[in-house]
Amino acid sequence: MPFFKITLIRSAIGLPTKTTGVLKALGLRKRMATVFHPVSPQVAGQIMAVKELVAVSEVEKAMSKAEFKATRKPDPGYYIETPATEALQPRI
């Protein structure tokens with residue numbers, strides 16, 4: 001079942017209350033927040049009402065908050081190949 005991945009790109013400050021109400025109904029409160037909704041005509045209509053403020057893509061699977069956070073985690077920048085204790089021990 002496909003889902004809409006909706007990310008709020010622009011703020012709703014200064015916009016009419018109707019527009020902010022649509023964003024609240026979609027579950028978007030802060031910029032760069034992402035929500036997943038199943039594909040339906042009702043959600044598509046809400047997206048069209050705020051199309052200038054959001055970025056939308058269609059995905060096959062909705063991600064949980066933990067899964068989505070894991071995808072945004074940067075590379076640590078280093079890798080430990082062998083523990084230091086093994087490298088310092090003399091070889092017999």
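Modeller: Happy to! Let's start with a term: two strands count as paired if DSSP finds at least two bridges between them. Please keep in mind that this is a predicted model.

The part I have picked is an open sheet of three strands, arranged in the order β2-β1-β3 with antiparallel pairing. At its edges are β2 (34-38) and β3 (54-59), each of which pairs on one side only. From one strand to the next, the twist averages 25 degrees.

Now let's follow strand β1, which spans residues 3-8 and is joined to β2 by five bridges in the antiparallel sense. Here Phe4 stands opposite His37 of β2, and Lys5 has Phe36 in β2 as its bridge partner. Turning to the other neighbour, β1 and β3 also run antiparallel, with six bridges joining them. Along that pairing, Phe3 is found opposite Val59 in β3.

What about cover? Five of the six residues in β1 are buried, which leaves this strand mostly covered. Helix α2, made of residues 41-49, lies across β1, β2 and β3. Its direction is at about 25 degrees to β1.

Terms used
Residues are numbered from 1 along each chain as its sequence is written. This is a predicted model: local features need pLDDT of at least 70, side-chain atom pairs count only at pLDDT 80 or more; totals for chains, interfaces and linings use all residues. Side-chain values use heavy atoms; hydrogens and water are left out. Helices (H or I, at least four residues) and strands (E, at least two) are DSSP runs, numbered from the N terminus. Axes are lines fitted to C-alpha atoms, for helices over the stretch in contact, and angles run from 0 to 180 degrees between N-to-C directions. Contact means heavy atoms within 4.5 Å. Buried means under 20% relative accessible area, exposed over 50%, partly exposed in between (1.4 Å probe, protein chains only).
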